[in-house]
Amino acid sequence: MEQTKSLKNEKIDLKLGNFGSSPATKPSLELVDKIMNDVGTSSFERLSKQQPSCWFGEWGVCCRICYMGPCRIPTVRFKNGATRGVCGATADTIVARNLLRETVGGASSHAEHAFEIAETLKLVATGKIKGYEIKDRKKLLSVAKNLQVVSDGKTDMEIANEIADISIGDFNKVDNAPMNWVKAYAPSSSYKHWTELGIIPTNAWIPIMNAMHRTSMGNDADVTNLLLDDLKMGIIDGYPGLTMSSEISDILFGTPKPVSSTANIGVLKEDYVNLAIHGHNPLVAEKVLEWAVNLNEEAKKLGAKGINVVGVCCSGNEVLMRHGVPLAANEMQAELAIATGALDAMVVDFQCIWPVLGEVASCYHTKLITTMPYVKIPGALHIEFSVERADEVAKQIVEQALLAYEKRDPSRVLLSKKTEPMIGGFSVESIVELLGKINKEDPLKPLIDSIVSGDVYGVVGIVGCPNPKLRKELYTERLINVLLKNNVLVLVTGCIAHISAQEGFMNPARVDEFDIGEGLKGTLKALGKLAGLESLPPTIHMGSCVDNSRIGVLVKLLSERLNVDVSALPVIASAPELIAEKAVAIGTWALSMGLPVHTAPELHIEGGEQVKQILSENLKGSIGAETFSELNPEAAAQKMIDMIREKRIALGLSS
Ligand code: BF8
Ligand code: SF4
């Protein structure tokens with residue numbers, strides 16, 4: 001701690017932000033010193049070296065899609081300079097094209113994730129692979145029903161085969177019929193708006209190709225036309241992306257139920273072989289977990305007490321939700337998990353895996369193992385994964401962790417023993433089951449009653465990432481605090497779930513410790529008792545980022561049960577520490593459904609007056625929703641509460 005004290009206040013603040021403010025997380029601050037000493041770099045150090053950041057990029061007015069450029073438009077901010085690119089593109093055209101390309105990046109990530117899982121279901125259903133099976137028959141039947149697959153008289157494999165064909169077909173069909181997953185899972189009011197706007201996709205791949213085409217040099221320059229396509233890309237993200245991924249993963253691996261676990265870097269254990277699972281693909285994560293169990297005795301032969309599997313970012317959320325694997329680190333903390341010197345291996349698949357991890361791992365005994373043919377990282381050991389060879393590959397990965405354990409240098413280990421208890425695993429099914437204990441015939445009614453009475457004033461889905469730009473201010477924790485105080489039910493996913501768990505917002509035992517509004521606290525306690533807990537946790541963990549689909553399903557159920565437009569519900573989506581294009585795509589999907597969407601930092605649209613006008617104003621007239629940005633978390637929370645109040649008044653509820 002000597003060194004910490006010797007640093008300037010500003011630097012200490014940065015460190016506080018990195019691990020949250022709770023007593024459980026404070027000991028981990030030392031890791032920031034350690035990574036600077038051992039490796040010479042950290043996220044905050046790299047961020048500081050990027051300052052001042054380029055405002056053209058931040059405002060979205062830099063275009064580099066052709067070699068007459070790069071072009072940038074200073075006149076959106078200053079009096080002098082270019083008003084157009086060499087080709088004549090205006091600031092608004094450039095901003096709209098850039099935004100659409102960001103959304104394509106996110107939608108492509110989620111679509112490929114879904115496609116790989118749908119292909120796996122096909123291989124399982126046709127008996128072509130052995131390592132996976134249908135674990136959740138109930139979910140199989142419910143997905144079949146949603147997709148209008150007749151189940152009667154068919155075997156599970158036949159049903160699964162039809163689901164797989166429909167899912168894969170949604171990517172490669174070339175007719176003009178709406179995509180099956182969109183028809184099946186979109187809220188009816190949203191579907192109606194999309195039909196009127198003509199933005200229902202018929203296929204996942206063609207619109208992605210078209211969006212890249214139309215945003216290349218010399219094509220679509222019409223801002224409204226580009227933004228309509230942006231909404232379509234959001235729909236692609238939502239259904240043949242998020243929803244297909246979660247629903248088929250549930251069929252293959254089980255639908256989550258409430259589960260106890262622990263969070264924080266302290267979940268790494270000195271006397272165990274520590275193996276972290278990082279990325280997003282449950283096809284990899286589930287197998288590695290299975291083989292860690294299979295090879296547990298091998299660890300004991302090496303003198304360890306066993307193999308301790310821990311989760312990082314969304315793969316962590318996947319295995320937490322289904323198996324209670326502890327949450328070690330969010331995306332931004334992955335490098336610090338390695339810097340403990342106690343992590344023997346980190347296996348990664350796709351998305352949110354920082355290239356720096358190779359360099360960090362090479363400073364320790366840690367084996368960083370890449371698995372995807374399209375995600376290789378200098379400094380990592382590549383063991384290529386395929387579902388056909390899943391068992392063999394997962395075994396090799398765990399064996400690498402065992403080999404690395406023997407090389408661990410105890411003198412370089414810095415571990416905290418502090419962990420934070422948590423409850424996760426809230427699928428829609430588990431929430432409905434819980435509410436069904438109050439009203440079996442109409443399980444949503446108790447939740448609706450709580451909203452009507454104001455005990456639950458509204459609902460905010462807080463999703464996305466830990467952004468070093470805002471982590472230092474503890475943006476997410478502060479936002480959650482204000483919402484809870486005002487009786488707003490907070491649903492979380494992704495890395496926000498990690499932040500929330502580390503802060504204690506998922507620990508039912510701390511429900512009296514936080515300043516939670518009496519109505520919400522009473523509701524959490526009453527529902528918790530029904531679940532056999534002292535209370536539900538202050539924030540409800542609904543899963544990984546693809547599991548935002550679970551929030552989408554809940555929104556669909558509520559709007560259809562109440563027969564109101566999604567935009568009328570007192571529900572808001574927030575990405576308070578936005579990083580990834582995926583988060584932009586998820587927000588675009590939420591917006592397209594009719595939910596107001598808050599982001600911080602602001603989307604890269606500041607330089608596009610018309611773009612801003614459409615997203616923050618005009619869309620209210622068609623889909624009933626808007627985007628807004630607010631960099632102060634308390635002000636953002638207040639704005640959400642005000643919006644919820646307006647919606648409540650419009651619904652005739654108490655304000
Ligand atoms: O998909 S929350 S930093 S890990 S993008 Fe990435 Fe953001 Fe974390 Fe999960 Ni989601
Ligand atoms: Fe410049 Fe137009 Fe080329 Fe963009 S497309 S870089 S604005 S010339």
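Which domains does the shell around ligand 1 draw at least three residues from? I shall come to the answer after a few conventions.

This is a predicted model, in which local features need pLDDT of at least 70 and side-chain atom pairs count only at pLDDT 80 or more, while totals for chains, interfaces and linings use all residues. Residues are numbered from 1 along each chain as its sequence is written, chains are lettered from A and ligands numbered from 1 in the order in which they are written, and side-chain values use heavy atoms, with hydrogens and water left out.

Let me begin with the domains. The protein chain is divided into domain 1 (91–253), domain 2 (265–412) and domain 3 (421–650), with bounds that come from an automatic or database domain assignment. The C-alpha centres of domain 1 and domain 3 lie 24 Å apart. Between these two domains, 40 residues of domain 1 are in contact with 36 residues of domain 3, where contact means heavy atoms within 4.5 Å.

Now to the opening question. The shell around ligand 1 takes at least three residues from each of domain 2 and domain 3. Among the residues around the ligand are His 280, Cys 313, Cys 314, Glu 331, Gly 464, Cys 545 and Lys 582; a residue counts as near if one of its heavy atoms lies within 4 Å. By class, the shell holds eight nonpolar, two polar and two charged residues. Here Ala, Val, Leu, Ile, Met, Phe, Trp, Tyr, Cys and Pro count as nonpolar, Asp, Glu, Lys and Arg as charged, and the others, Gly among them, as polar.

Two side chains in this shell deserve mention. A polar side-chain atom of His 280 lies 2.6 Å from an oxygen atom of ligand 1. For Lys 582, a polar side-chain atom is 2.9 Å from an oxygen atom of the ligand.

I turn next to charged pairs. Side chains of opposite charge can pair when their charged atoms come close. A salt bridge is a side-chain nitrogen of Lys or Arg within 4 Å of a carboxyl oxygen of Asp or Glu, and by this rule the count comes to 42.

One of them joins Arg 412 to Asp 38, with the closest N and O atoms 3.7 Å apart. This pair links distant parts of the chain, 374 residues apart: Arg 412 is in the loop between helix H18 (390–405) and strand E10 (420–424), and Asp 38 is in helix H3 (residues 30–38). Helices (H or I, at least four residues) and strands (E, at least two) are DSSP runs, numbered from the N terminus. Arg 412 is partly exposed, at 29% relative accessibility, and Asp 38 is also partly exposed, at 28%. Buried means under 20% relative accessible area, exposed over 50%, and partly exposed in between, with a 1.4 Å probe and protein chains only.

Another salt bridge, at 2.8 Å from N to O, brings together Arg 471 and Glu 577. Arg 471 belongs to helix H21 (residues 468–471), whereas Glu 577 is in the loop between strand E14 (571–575) and helix H26 (581–593), 106 residues apart. Both Arg 471 and Glu 577 are buried.

A further salt bridge pairs Lys 173 with Asp 175 at 2.7 Å, N to O. Lys 173 counts as buried because its relative accessibility is 13%, whereas Asp 175 is partly exposed at 39%.

Key: Polar contact = N/O pair within 3.5 Å; in protein donor to acceptor, adjacent residues only side chain to side chain.
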